[in-house]
Amino acid sequence: MRQTYTDLFIDFDDTLYDTHGNATIALGELFDEFRLGERFDDVRTFRDAYWRTNVELWAQYSRGEISRDYLILERFRRPLSSGQHDDPSWPDADYCGRMSDRFLELCSVKPGVVEGARELMDYLRAKDYRMHICSNGFHEVQYKKLKACGLYHYFDTIILSEDAGANKPSKQFFDHAFRVSGASRERTLMIGDNYNTDIEGAMNAGLDTLFFKRWDPAFEPPRPVTYEVETLREIMEVL
Ligand SMILES: [Mg+2]
């Protein structure tokens, strides 16, 4: 028989919020504002360098290997230093800091959501699930992003790793999430797009999981997940 859930733990970035799409737009705006056309052949070269670095750094951050401050500067320092420049000290921390602040500012007001997100939220709300955001994103921008995309009011609790004192996939994060939400392990389902942080973390914490395979439909989870979908709409067939 299918399990009956009362609570849903839901990842925010790139599960509901189109973080990748919104950041791609913001990187284009940065490119113009900081006149990076003088250093890169085109915006795409700059963006590709940024994404390569960003993915690596977020994986390290989730594992607790680097700090937030290191991440936000380094994700610009590395791609910028691959651009054309004569000054070996460029870009310095001050320049990367200004770019990072402006980037977070530009990103935090972008409204884009993943296709089907609003419809799914309406559906789940009508079915009376209690919903909790479970996110490794930064405190200073997550609330702004939730409000900018109009999804804030669907959630009973916003659980951020900076408040938990630990990132997903750690057990400490999920223990904190259960304390704050009052949810029970047996009646909670974790929904997320990142196998390593959302899904494996939740499995280790004893939760059922729904893996949103947004990025690579061919990816086979190394450990069996409870449910997997390729679009948000399919979640309505499961819950
Ligand atoms: Mg995510």
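**View 1. Lys and Arg charges over aromatic rings in a predicted model.** The charged end of K147 lies over the ring of Y152, at 4.8 Å from its centre. A charge is counted as over a ring if NZ of Lys or CZ of Arg is within 6 Å of the ring centre and within 35 degrees of the ring normal. R68 likewise sits over the face of F138, 4.7 Å from the ring centre. The model is predicted, so local features need pLDDT of at least 70 and side-chain atom pairs count only at pLDDT 80 or more, while totals for chains, interfaces and linings use all residues. Residues are numbered from 1 along each chain as its sequence is written, and side-chain values use heavy atoms, without hydrogens and water.

View 2. D11 (OD), D13 (O) and D193 (OD) coordinate the magnesium ion at 2.1 to 2.2 Å. Donors are N, O and S atoms within 2.8 Å of the metal (3.2 Å for Na, K and Ca); water is not among the atoms, so sites may look incomplete. Along the chain, the donors follow the spacing D-x1-D-x179-D. Both D11 and D193 are buried (under 20% relative accessible area; exposed is over 50%, partly exposed in between; 1.4 Å probe, protein chains only).

**View 3. Aromatic pairs.** The whole structure contains 18 aromatic pairs. In one of them, the ring centres of F211 and F219 are 5.9 Å apart and the planes meet at 80°, so the pair is edge-to-face. Rings of Phe, Tyr and Trp (its six-membered ring) pair if their centres lie within 6.5 Å; planes under 30 degrees apart are stacked, over 60 edge-to-face and the rest tilted. F211 is buried, at 4% relative accessible area, whereas F219 is partly exposed, at 30%.
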